[in-house]
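Subject: The structure we talked about

Hi there,

Here is the structure I promised to pass on to you. Have a look at it first, and then read on for what turned up in it.

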Amino acid sequence: MRDISHKLAFAHDGEAARYSDVFNPNDGQVQARVALGDRALLDRAVEAAKAAQPAWAAVNPQRRARVMFNFKALVEKNMDELAHLLSSEHGKVIADSRGDIQRGLEVIEFCCGIPHALKGEYTQGAGPGIDVYSMRQPIGIGAGITPFNFPAMIPLWMSGVAIATGNAFILKPSERDPSVPVRLGELFLEAGLPEGIFQVIQGDKEMVDAILDHPDIGAISFVGSSDIAHYVYKRGVDNGKRVQAMGGAKNHGIVMPDADLDQVVNDLSGAAFGSAGERCMALPVVVPVGEKTALALREKLIPAIQALRVGVSTDPEAHYGPVINAAHKAKIENYIQMGVDEGAELVVDGRGFTLQGHEQGFFVGPTLFDQVKPTMRTYQEEIFGPVLQMVRAESFEDALALPSQHQYGNGVAIFTRNGHAAREFAARVNVGMVGINVPIPVPVAYHTFGGWKRSAFGDTNQHGMEGVKFWTKVKTITQRWPDGGASGDSAFVIPTMG
């Protein structure tokens, strides 16, 4: 059994006091153990970051960008290795793992243009002989706390922008699938990043609290469940830190009567069940508008769902693989039973699914509920598994109200051929990211990612220019150069008072 440790700027002495098991979700067996760090280890990592960060911030932006170019090339060169390593610990199929890495790399591509993104503002002649300009400077030391479901993409979303803008960055990934972040740290060093600028600290809640309390960490980015996101945000802000904390989701897909149902079903197959539904931008709720639409959609959905292939992560024919661990499998199946108890119609039941030769694997079959009501707990809460719920709406207004009134507001999609309906929906829906005939509306890297309501805490989104703003602070300079003439005749007047 292999041990997974940290990626630090110093030698890690001795064994850890605590370890956590890392499972292979395909067969349910423990394949490794990960060392869980403590506050003392974090202190040493912070000291290494403090020693390295000033020199890195002094490196001009185009040279920092070159490190990003080198890193991107190295990740692409090692894509197969990274994807297989990711799948072996997470369980998602190789194609999904490659997508996980690629979506992270797209933010690294954005970071290759950091010299342009860091340009400040300049006003000549703001007052008599006075110019005003601004500059963006790094926070200093930032930290990221990332979830199990995207062990490459989300760490890259956070670390890329933080590092490119001149910060040191400490990452605490999920202890459930910790290996890929360590490998990314090795590739950053190979790309030319100085020691101490990107460090990986393994740990659990003890390490999270240590990060939230550490006085030398100035900014924290988090992705996870909403309850934990709120905890991270509150404790971090109480400690004087800048915090962005992304939480859970319950994304809806509104299906208008004029939608292309074949395309909708194809999109739902991937958006609801891809990666076993373990993503905050999954589409677990479909809302057909009108009874005729609901009946036609259901008729097409059932055979499509039954045709989905669940397999091991290395099966090239599989649509999705196992969920992360036994506890999460049990949680999903408990939600399915809860839906039955609440009175929803269980159309396709994914419980009890087993794969020959992998009977101990953490597999859940695709599940479909119909006649789900907004009052049901299974609708109100995030299931985070391969479960699609159909909530019928009588009208456009009823459909619009469902995602708008839900506690979560991460993403939403509408399927229609009607431009007016799409435009009206996009303008009025109370959700942060909207797809029009796009089932998973994750923005491209040079835009920004962030939900509303209990899907996000804090006022700055991830990546794009919002990410640059989060990881930097603005300094504004007002300057005057005397012309050598008589200057004592009048007092200085602030430009806005002139």
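This is a predicted model: local features need pLDDT of at least 70, side-chain atom pairs count only at pLDDT 80 or more; totals for chains, interfaces and linings use all residues.

A residue is called buried when its relative accessible area is under 20%, exposed when that area is over 50%, and partly exposed in between.

Helix H6 covers residues 153–164 and has 12 residues. From its first C-alpha to its last it reaches 16 Å, close to the 16 Å expected at 1.5 Å a residue. How many of the residues of H6 are buried? The count is 12 of 12, and H6 is described as mostly covered. The buried residues run from Met153, Ile154 and Pro155 through Leu156, Trp157, Met158, Ser159 and Gly160 to Val161, Ala162, Ile163 and Ala164. After H6 comes Gly166, which has a positive phi near 105 degrees.

Next, a pair of helices. H3 (residues 79–90) packs against H4 (residues 94–111) at an angle of about 115 degrees, and their axes lie 8 Å apart. Their crossing is right-handed. On the H3 side, the contact is made by Met79, Asp80, Leu82, Ala83, His84, Leu86 and Ser87. H4 contributes Ile94, Ser97, Arg98, Asp100, Ile101, Gln102 and Leu105. Sorted by kind, the residues of this contact are seven nonpolar, four polar and three charged.

Two backbone angles also deserve a look. Most residues other than glycine have a negative phi. Ser275 is not a glycine, yet its phi is positive, at about 55 degrees. You will find Ser275 in the loop between helix H10 (261–273) and strand E12 (285–288). Is Ser275 buried or exposed? Its relative accessibility is 4%, so Ser275 counts as buried.

Asn437 is the other residue to check: its phi is near 60 degrees, again a positive value in a residue other than glycine. Asn437 sits in the loop between strand E18 (433–436) and strand E19 (452–453). Because its relative accessibility is 39%, Asn437 counts as partly exposed.

Finally, the annotation. An unreviewed UniProt entry lists residues 18–477 as "domain: Aldehyde dehydrogenase". Over residues 18–477, the chain is 42% helix and 20% strand, with the end C-alpha atoms 50 Å apart.

Happy browsing, and do write back with any questions.

Best wishes

Notes: Residues are numbered from 1 along each chain as its sequence is written. Side-chain values use heavy atoms; hydrogens and water are left out. Axes are lines fitted to C-alpha atoms, for helices over the stretch in contact, and angles run from 0 to 180 degrees between N-to-C directions. Helices (H or I, at least four residues) and strands (E, at least two) are DSSP runs, numbered from the N terminus. A crossing is left-handed if the near helix is turned anticlockwise from the far one by less than a right angle, and right-handed if clockwise. Contact means heavy atoms within 4.5 Å. Ala, Val, Leu, Ile, Met, Phe, Trp, Tyr, Cys and Pro count as nonpolar, Asp, Glu, Lys and Arg as charged, and the others, Gly among them, as polar. UniProt positions are given in the numbering used here, feature names are shortened, and annotations may be inferred rather than shown by experiment. Buried means under 20% relative accessible area, exposed over 50%, partly exposed in between (1.4 Å probe, protein chains only). The expected span of a helix is 1.5 Å times one less than its number of residues.
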